[in-house]
Amino acid sequence: MRLTELTLPQSNQLLAALLTGATLPDATQQLILATTQGNPFFLEELVRALLDQGVLTPQARIGEITTPETVQQVILSRVEHLPVAQKRLLQMAAVIGRLFRPRLLATIAPATLDLDRTLADLADAALIYQERTSPEREYSFKHVLVQDTVYHALPGRWRAQLHHQVAE
């Protein structure tokens, strides 16, 4: 099956839905649409990143907004703006794989971490979602690019250490 990029009207419709009623200056909308080139995942991630950074407002001027050029850059930008506990847990999950269970995460996460709350926060940020609850809770990264990007951004030494902990 061949999937094509969104048309300009479809991209505008998705952008409007992501902004939930807010309006942006035409130049800002055009910048976002030109950057994402009809890729719905890129469009959604870019809008979420700009909203997370607080720069996507009706008063925003085009010169104040910098848009990453790749989906991976957008994902890394979103991850960098997460609270430290969420970022670290997401990195640990990335080492486990696209699908991961809280039970395994609990063995490598700090004991002081509120695992359920942090997973819920990452789900609210639309980086992960709960895949199933039975026979055991299991989560998944929203997209394989999220898991892959977070995994490859880990420093090699820490990634190796996490692999060792997961294997144990």
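**Reading the features of the model**

Analyst: Val 146 is found in helix α8, which spans residues 144-153. Helices (H or I, at least four residues) and strands (E, at least two) are DSSP runs, numbered from the N terminus. The model is a predicted one, in which local features need pLDDT of at least 70, side-chain atom pairs count only at pLDDT 80 or more, and totals for chains, interfaces and linings use all residues. Residues are numbered from 1 along each chain as its sequence is written, and side-chain values use heavy atoms, with hydrogens and water left out.

User: Is Val 146 buried or exposed?

Analyst: Buried means under 20% relative accessible area, exposed over 50%, and partly exposed in between (1.4 Å probe, protein chains only). Val 146 has 0% relative accessibility and therefore counts as buried. Ala 120, placed in helix α7 (residues 115-124), is partly exposed because its relative accessibility is 26%. In the protein chain of 168 residues, 40% count as buried.

User: Which residues does Val 146 touch, beyond those up to four places away in sequence?

Analyst: A contact means heavy atoms within 4.5 Å. With residues up to four places away not counted, Val 146 touches Phe 41, Ile 75, Leu 127 and Phe 141. Its C-alpha atom is also 8.5 Å from that of Ala 94, at 52 residues' separation in sequence.

User: Where is Glu 45 found, and what does it touch?

Analyst: Glu 45 belongs to helix α3 (residues 40-53). A relative accessible area of 0% is why Glu 45 is buried. Leaving aside residues up to four places away in sequence, it touches Val 74, Ile 75, Arg 78, Ala 126, Leu 127 and Lys 142.

User: How many aromatic pairs does the count come to?

Analyst: Rings of Phe, Tyr and Trp (its six-membered ring) pair if their centres lie within 6.5 Å; planes under 30 degrees apart count as stacked, over 60 as edge-to-face and the rest as tilted. The count comes to two aromatic pairs. One of them joins Phe 100 and Tyr 139, which are stacked at 6.0 Å centre to centre with 15° between the planes. Phe 100 lies in strand β1 (residues 99-100) and Tyr 139 in strand β3 (residues 138-141), so this pair ties together parts that are 39 residues apart in sequence. Phe 100 and Tyr 139 are both buried. Ring pairs link Phe 100, Tyr 139 and Phe 141 into a cluster.

User: Which arginine lies over the face of Trp 158?

Analyst: A charge sits over a ring if NZ of Lys or CZ of Arg is within 6 Å of the ring centre and within 35 degrees of the ring normal. Arg 88 lies over the face of Trp 158, at 5.7 Å from the ring centre. Arg 159 is placed over the face of Tyr 151, with 4.9 Å to the ring centre.

User: What pattern does the protein chain follow along the sequence?

Analyst: The protein chain has nine helices and three strands, in the order α-α-α-α-α-β-α-α-β-β-α-α. Its C-alpha atoms fill a box of roughly 55 × 35 × 30 Å along the principal axes. Among contacts with a separation of 6 or more, 64% are between residues 24 or more positions apart.
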